[in-house]
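Welcome! Here is a short tour of a protein model, written for someone just starting out. Have a look at the sequence and the structure, then follow the points below.

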Amino acid sequence: MKDVKWCATYTEIKEWIKSEYDLKVSSLYVAQIKDKCGFEKRLNYNLGDNKSHVPKYPQEKEKAIMAAFREILKSVFMDSDIYIFYNITLE
């Protein structure tokens, strides 16, 4: 999945989730789910010192983010005339 080029920004993903689920999700949660799915992310220059606690995404928000990914992938593949849909499932 690292070859999939995203057509949506973090802001667009968060706005879609807000409109569909009325949930606010952080960019951190989106990035964590991208890691879980194996999606490529941009290089992060703000790495911190590894001393602070990093919260983990709640299951409710994980489901909303995964739904957003499904919609994005669907539109990416439909726009490129590739009719293969990746089945992203929760553990």
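Let's begin with one side chain: Lys36 is partly exposed, with a relative accessible area of 33%. The side chain of Lys36 meets that of Glu62 in a salt bridge, with 2.3 Å from N to O. Glu62 belongs to helix H3 and Lys36 to helix H2, so this pair ties together parts that are 26 residues apart in sequence. Please keep in mind that this is a predicted model.

**The overall picture**

- The protein chain contains three helices and zero strands.
- Following the sequence, you will read the pattern α-α-α.
- The chain has 91 residues, and buried residues make up 31% of them.
- Its accessible surface comes to about 6,800 Å², and carbon and sulfur atoms account for 50% of that.
- If you take the contacts with a separation of 6 or more, 70% of them are between residues 24 or more positions apart.

**The nonpolar core**

- In soluble globular proteins, nonpolar side chains tend to be buried together.
- The largest nonpolar core here has 17 residues, and the members that touch the most other members are Ile13, Ile17, Val25, Val30, Ile33, Ile65 and Phe69.
- Helix H1 (10-21), helix H2 (27-37) and helix H3 (59-79) each supply at least two residues of this core.
- Which helix gives the most to this core? H3 does, with seven residues.

**Helix H1 and what follows it**

- H1 has twelve residues and reaches 16 Å from its first C-alpha to its last, close to the 16 Å expected at 1.5 Å a residue.
- After H1 comes Asp22, with a positive phi near 55°.
- That positive value occurs in a residue other than glycine.
- Asp22 sits in the loop between H1 and H2.
- Is Asp22 buried or exposed? Asp22 is exposed, because its relative accessible area is 58% and the cut-off for exposed is over 50%.

**Helix H2 and Gln32**

- The buried residues of H2 are Tyr29, Val30, Ala31, Gln32, Ile33 and Lys34.
- Gln32, which is found in helix H2, counts as buried because its relative accessibility is 18% and the cut-off is under 20%.
- What does the side chain of Gln32 reach at 2.9 Å? The side chain of Gln32 reaches the backbone oxygen of Pro55.
- A polar atom of the Gln32 side chain also lies 3.3 Å from the backbone nitrogen of Tyr57.
- Leaving aside neighbours within four places in sequence, the contacts of Gln32 are Val54, Pro55, Lys56 and Tyr57.
- Just after H2 you will find Gly38, which takes a positive phi of about 85°.

**Helix H3 and Ile72**

- Ile72 lies in helix H3.
- Ile72 is buried, because its relative accessible area of 10% is under the 20% cut-off.
- Ile72 and Ala8 are 64 residues apart in sequence, and their C-alpha atoms are 7.2 Å apart in space.

**Salt bridges**

- Side chains of opposite charge can pair when their charged atoms come close.
- How many salt bridges does a search of the whole structure find? The search finds two.
- One of them is the link between Glu62 and Lys36 that opened this briefing.
- Glu62 counts as buried, at 8% relative accessibility, whereas Lys36 is partly exposed at 33%.
- Another joins the side chains of Asp22 and Lys18, with 3.0 Å from N to O.
- In that pair, Asp22 counts as exposed at 58% relative accessibility, while Lys18 is partly exposed, with a relative accessible area of 39%.

Methods:
Residues are numbered from 1 along each chain as its sequence is written. This is a predicted model: local features need pLDDT of at least 70, side-chain atom pairs count only at pLDDT 80 or more; totals for chains, interfaces and linings use all residues. Side-chain values use heavy atoms; hydrogens and water are left out. Helices (H or I, at least four residues) and strands (E, at least two) are DSSP runs, numbered from the N terminus. Buried means under 20% relative accessible area, exposed over 50%, partly exposed in between (1.4 Å probe, protein chains only). Contact means heavy atoms within 4.5 Å. Accessible areas come from the Shrake-Rupley method with a 1.4 Å probe; for residues, only the protein chains shown count as cover. A nonpolar core is a set of buried Ala, Val, Leu, Ile, Met, Phe, Trp, Tyr and Cys residues joined through side-chain atoms within 4.5 Å. A polar contact is a pair of N or O atoms within 3.5 Å; within protein, one must be able to donate a hydrogen and the other to accept it, and residues adjacent in sequence count only if both atoms are side-chain atoms. The expected span of a helix is 1.5 Å times one less than its number of residues. A salt bridge is a side-chain nitrogen of Lys or Arg within 4 Å of a carboxyl oxygen of Asp or Glu.
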